Amino acid sequence: MAPTLPLALLLALLAPGLGVAVPSCDYPAHLWCSSWEIAVACQAESRCANLSRPAAAPVELSLFYESLCPACRWFLVQQLFTAWLLLPSESLTITLVPYGNAEERNVSGKWQFQCQHGPEECLGNMIETCLMHEAKNFSTYFPVIFCLESGSSVTKNLEACLQVYAPQLDGGRIAACVQGETGAELMHRNAQLTQALDPPHQYVPWILINGKHTDELQAEAEASLVGLICRLYQGEKPEACGGSRAPKAPKAPAGCRR
């Protein structure tokens, strides 16, 4: 069977002198492979093998959560960490906002917090916030947060998790942040980010995909986050997206409502 040619190229070859107009293509044939955008406009992508596709934007996921909510811990450990391991950073970026259903008040110029699962959850939120502040790099702090959330205690295992996943970090600096004004200010910022959600969150984990929350996106993220990212990412599909559809995880536990 003879190879097929793009419509635009076929018209140019058959009638080079007739000035045949191709929709959205205002370039002569010898320029069709000068850029990917022109190749697409002239339907000549298959003829321009030397051109690389422009980089696609990663899917942006924001997780609003609280450290002791069982549903938050489940999603972070079972879905989010797995997706981060399987998918390259070009396809997925993650923002973590530990605060959830907490409440804050300013007492004599200092921020105080009350958390849904008690003071230990406030401490866990603060530890993870200060860890992010000190580590800066997501690939450094996320394995530590995974270790905390998947272990027996979010608040008592920091040193052990640091030794395994980020021995270069100074636990003393993180503790100083937790106990000082820096931690309170960082937590206040998390409160502001959470309070600014539109629509307001009704439960946690509360998941934004590319800045948007819908019941459908939430359900799909909880059922198969890898599958959701693979569906939405517009670039060349990562290896983890190949083959059969990503298996669905066990049913997510009910979220922690406000």
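Me: Buried means under 20% relative accessible area, exposed over 50%, and partly exposed in between (1.4 Å probe, protein chains only). Why is Cys161 called buried?

Reply: Cys161 has a relative accessible area of 1%, so Cys161 counts as buried. The model is predicted: local features need pLDDT of at least 70 and side-chain atom pairs count only at pLDDT 80 or more, while totals for chains, interfaces and linings use all residues. Side-chain values use heavy atoms, with hydrogens and water left out, and residues are numbered from 1 along each chain as its sequence is written.

Me: What makes Cys147 and Cys161 a disulfide?

Reply: A disulfide is a pair of cysteine sulfur atoms within 2.5 Å. The sulfur atoms of Cys147 and Cys161 are 2.1 Å apart, and the two form a disulfide. Cys147 lies in helix H5 (residues 138-150) and Cys161 in helix H6 (residues 158-165), so the pair ties together parts that are 14 residues apart in sequence. Helices (H or I, at least four residues) and strands (E, at least two) are DSSP runs, numbered from the N terminus.

Me: Why is Cys147 called buried?

Reply: Cys147 has a relative accessible area of 18%, and the limit is under 20%. Cys147 is therefore buried.

Me: How do you know that Cys72 is in no disulfide?

Reply: The nearest cysteine sulfur, that of Cys69, is 3.5 Å away, whereas a disulfide needs the sulfur atoms within 2.5 Å.
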